[in-house]
Amino acid sequence: MQVNNINFCGLAKTKNGNLYEKKNTWKNVGTALGLTGGAALAYTSARVNIYALELATLFTKNILKLVNVQKGILGAGIILMGLAGRMLGAIPDHIINKKRIAKADNESLQK
């Protein structure tokens, strides 16, 4: 039995029409880490916000609006952390892909 490596890559073409293996691995890893980190922060802040919510109920009578606003803010935070992780993960992918494009173009010129 043989186990193959996980490959998040696909073939793409350069501007000159040469094929190269496009890398997206770090973008996917960054997204996963960002979403996980955002969820962890949301859980932690939700635990802290329970005390803030009790304090806020002393000043307002409509607690349902406060809970819905809190859920919206936490959900938006998770999404933003996921997007930030994806953007940071795209940086090494771009550097690697740029080198692969140059290599593919140079190899076609040498032929």
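Helices (H or I, at least four residues) and strands (E, at least two) are DSSP runs, numbered from the N terminus. With that in hand, the elements of this protein run β-β-α-α from the N terminus on, which comes to two helices and two strands.

The model is predicted: local features need pLDDT of at least 70, side-chain atom pairs count only at pLDDT 80 or more, and totals for chains, interfaces and linings use all residues. Residues are numbered from 1 along each chain as its sequence is written, and side-chain values use heavy atoms, with hydrogens and water left out.

**Stop 1: confidence.** Colour the model by pLDDT, the predictor's confidence in each residue, from 0 to 100. The mean for the protein is 81, and 73% of the residues reach 70 or more. Confidence is highest in strand 2, at 88, and lowest in helix 1, at a mean of 80. Now select residues 1–5, where pLDDT stays under 50.

Stop 2: Select residues 10–13, strand 1, and residues 19–22, strand 2. The two strands run antiparallel and are joined by four bridges; strands pair if DSSP finds at least two bridges between them. Ala12 stands opposite Tyr20 in strand 2. Five residues lie between the strands of this hairpin, and Gly17 in the turn has a positive phi of about 90°.

**Stop 3: Trp26.** Move to helix 1, residues 25–59, and select Trp26. Is Trp26 exposed or only partly exposed? Trp26 counts as partly exposed because its relative accessibility is 43%, and the partly exposed class lies between buried (under 20% relative accessible area) and exposed (over 50%), with a 1.4 Å probe and protein chains only.

**Stop 4: Leu35.** Leu35 is also found in helix 1. Leaving aside neighbours within four places in sequence, Leu35 is in contact with Ile78 and Gly82. Select Met81 as well: Leu35 and Met81 are 46 residues apart in sequence and 5.9 Å apart in space, C-alpha to C-alpha.

**Last stop: the whole protein.** Of the 111 residues, 18% count as buried.

Methods. Contact = heavy atoms within 4.5 Å.
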